[in-house]
Amino acid sequence: SDSSFRIFTWQLMINENSFKHHGAIQMKTNDGSLQLFPLIDKSAEIEKIEDTVTNNLSWVGAIYYRIIQKEFEKKKSYTLIGYDEFGAESSRKIIDVLQFVEGKPQFGGNYFILPNDSIKPRNPFRFVMEYKKGAGPKLNYDEDLDLIVKENLVSPSKEPEKKSTLIDL
């Protein structure tokens, strides 16, 4: 909402089991010149995406469909909600936080506190909701409540650790 940047993201299907994301952040500058940060998708190479702070050259790729501007510890932060086609059996929705640190993009950080759960880390640096391909659970920001609302996922086969079984009710 502050018009300080624009973010463009898209995905390409490599094959039926593999997708690659691309993107760029275009920054507003005082002199009108173009400042562009390429977003390089390194999702496949990042071992624990929920526990890793990244930058534009090592980005957890997603197609962003919502940006929420907030202030956190007296710094502007942008909550990004996105979609990732991911793989043959499952898709993901991701909540990431973008801040500009010394003028450069930084994704993730210590912003999330989740209840104890045997599957998800308690304090992830980004929230990842993986689910069965085609399930389509809701994950979005509700302006009236000033909250991000998500659907609960269940595994009809009683295998919640197997993400490709999780569906919305």
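Q99 sits in strand 7, which covers residues 90-101; strands here are DSSP runs of E with at least two residues, while helices are runs of H or I with at least four, and both are numbered from the N terminus. This is a predicted model, in which local features need pLDDT of at least 70, side-chain atom pairs count only at pLDDT 80 or more, and totals for chains, interfaces and linings use all residues. Residues are numbered from 1 along each chain as its sequence is written, and side-chain values use heavy atoms, with hydrogens and water left out.

Is Q99 buried or exposed? Q99 counts as buried because its relative accessibility is 7%; buried means under 20% relative accessible area, exposed means over 50%, and partly exposed lies in between, using a 1.4 Å probe and protein chains only. Leaving aside neighbours within four places in sequence, Q99 is in contact with F72, K75, K76, S77, K104, P105, Q106 and Y111, where contact means heavy atoms within 4.5 Å. The Q99 side chain also makes a polar contact of 3.1 Å with the side chain of Y111. A polar contact is a pair of N or O atoms within 3.5 Å; within protein, one must be able to donate a hydrogen and the other to accept it, and residues adjacent in sequence count only if both atoms are side-chain atoms.

## Across to K76

One of the contacts of Q99 is K76, so let us visit that residue next. K76 belongs to strand 6, residues 75-84. With a relative accessible area of 46%, K76 is partly exposed.

Which residues does K76 touch, leaving aside its neighbours within four places in sequence? They are D2, Q69, K70 and Q99. With D2, there is a polar contact between the two side chains, at 3.0 Å. K76 and V101 are 25 residues apart in sequence, and their C-alpha atoms are 10 Å apart in space.

S164 lies in the loop between strand 12 (153-154) and strand 13 (167-168). Although S164 is in a loop, it counts as buried, at 15% relative accessibility. Its side chain and that of E89 are joined by a polar contact of 3.5 Å. Beyond neighbours within four places in sequence, S164 is in contact with E89, S90 and K132.

K158 is found in the loop between strand 12 and strand 13 too, but K158 counts as exposed, at 71% relative accessibility. Its phi is near 60 degrees, a positive value in a residue other than glycine. D146, in the loop between strand 10 (139-142) and strand 11 (147-150), has a positive phi of about 55 degrees and is not a glycine. D146 is partly exposed, at 40% relative accessibility.

## The whole chain

Now let us step back. How many helices and strands does the protein chain have? There are 0 helices and 13 strands. The radius of gyration, taken over C-alpha atoms, is 16 Å, close to the 15 Å that the globule rule gives for 169 residues, so the chain is as compact as a globular protein of that length. That rule is 2.2 Å times the number of residues to the power 0.38.

Along the principal axes, the C-alpha atoms fill a box of roughly 60 × 40 × 30 Å. Buried residues make up 40% of the 169 residues. Among contacts with a separation of 6 or more, 43% come from residues 24 or more positions apart.
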